[in-house]
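Have the coordinates open as you read.

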Amino acid sequence: MNDTALADDKAARSPLQKTYHYVMQACGLAAGVIIGVVSIVIVLNVMSRNLGFGSIYGTVEGSEYAIAAATFLAAPWVLYHGAHVRVDLLQQALPQPYRNFLEMGINLLGALISLCFGYFLLATGTDYLSRGTMVYKSFVFPEWWTFLLPVLCFALLTLEFLRRLWRLMLQRREVT
């Protein structure tokens, strides 16, 4: 199910839908900006080393964290736009009513999996917060910070899967 039509139909949305749309767009934009900045920093780091100035401190570790952050920010945006990779051989082989049921089941399963991942990430991050553990590498920071974006990602993924499920249920109700 591709939601680009929904993304283009701004007049038909409620304030909550518009807010949700802007949150998703912000996730995609932030992911793109992060990838762009990482690309520039890596090029500058290579140039700096080749010109004899040495490496820019923290480039490798910072790039690793930044790419992970971009991935977690992009995932809900990609799902929102229906741009994720799908293998739908089974779905295409089924008659239309069964396709809808399969799609609903897939969205429900995706929501449950995302909710579980988000819950366990939140529990682990909360545990690290209570223990006060720190990351000691190029940068020093509280370890629970590394759980913020993954928890946000899985919360947004859960919402998106539930939104997709709800839309399918409404479509099914309108048809019958």
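A nonpolar core here is a set of buried Ala, Val, Leu, Ile, Met, Phe, Trp, Tyr and Cys residues joined through side-chain atoms within 4.5 Å. The model is predicted.

**Cores**

The largest nonpolar core has nine residues: Tyr20, Met24, Cys27, Ala31, Ala70, Leu73, Ala74, Tyr80 and Leu156. Helix H2 (15–50) and helix H3 (59–80) are the elements that give two or more residues to this core. A second, separate core holds eight residues, including Leu79, Ala111, Cys153 and Phe161.

Which residues does Tyr20 touch, leaving out those up to four places away in sequence? They are Tyr80, Leu156, Leu159, Glu160 and Arg163.

**Aromatic pairs**

The structure holds nine aromatic pairs. Two of them are tabulated.

| Pair | Centre to centre | Angle between planes | Type |
|---|---|---|---|
| Phe117 and Phe154 | 5.3 Å | 20° | stacked |
| Trp144 and Trp145 | 6.3 Å | 85° | edge-to-face |

Phe117 lies in helix H5 (residues 96–131) and Phe154 in helix H6 (residues 148–175). They are 37 residues apart, so the pair links distant parts of the chain. Phe154 is buried, because its relative accessible area of 16% falls under the 20% cut-off. Phe117 is partly exposed, at 47% relative accessibility.

Trp144 and Trp145 are both partly exposed. The relative accessible area is 27% for Trp144 and 45% for Trp145. Ring pairs also link these two residues with Tyr65 and Phe141 into a cluster.

Methods: Residues are numbered from 1 along each chain as its sequence is written. This is a predicted model: local features need pLDDT of at least 70, side-chain atom pairs count only at pLDDT 80 or more; totals for chains, interfaces and linings use all residues. Side-chain values use heavy atoms; hydrogens and water are left out. Buried means under 20% relative accessible area, exposed over 50%, partly exposed in between (1.4 Å probe, protein chains only). Helices (H or I, at least four residues) and strands (E, at least two) are DSSP runs, numbered from the N terminus. Contact means heavy atoms within 4.5 Å. Rings of Phe, Tyr and Trp (its six-membered ring) pair if their centres lie within 6.5 Å; planes under 30 degrees apart count as stacked, over 60 as edge-to-face and the rest as tilted.
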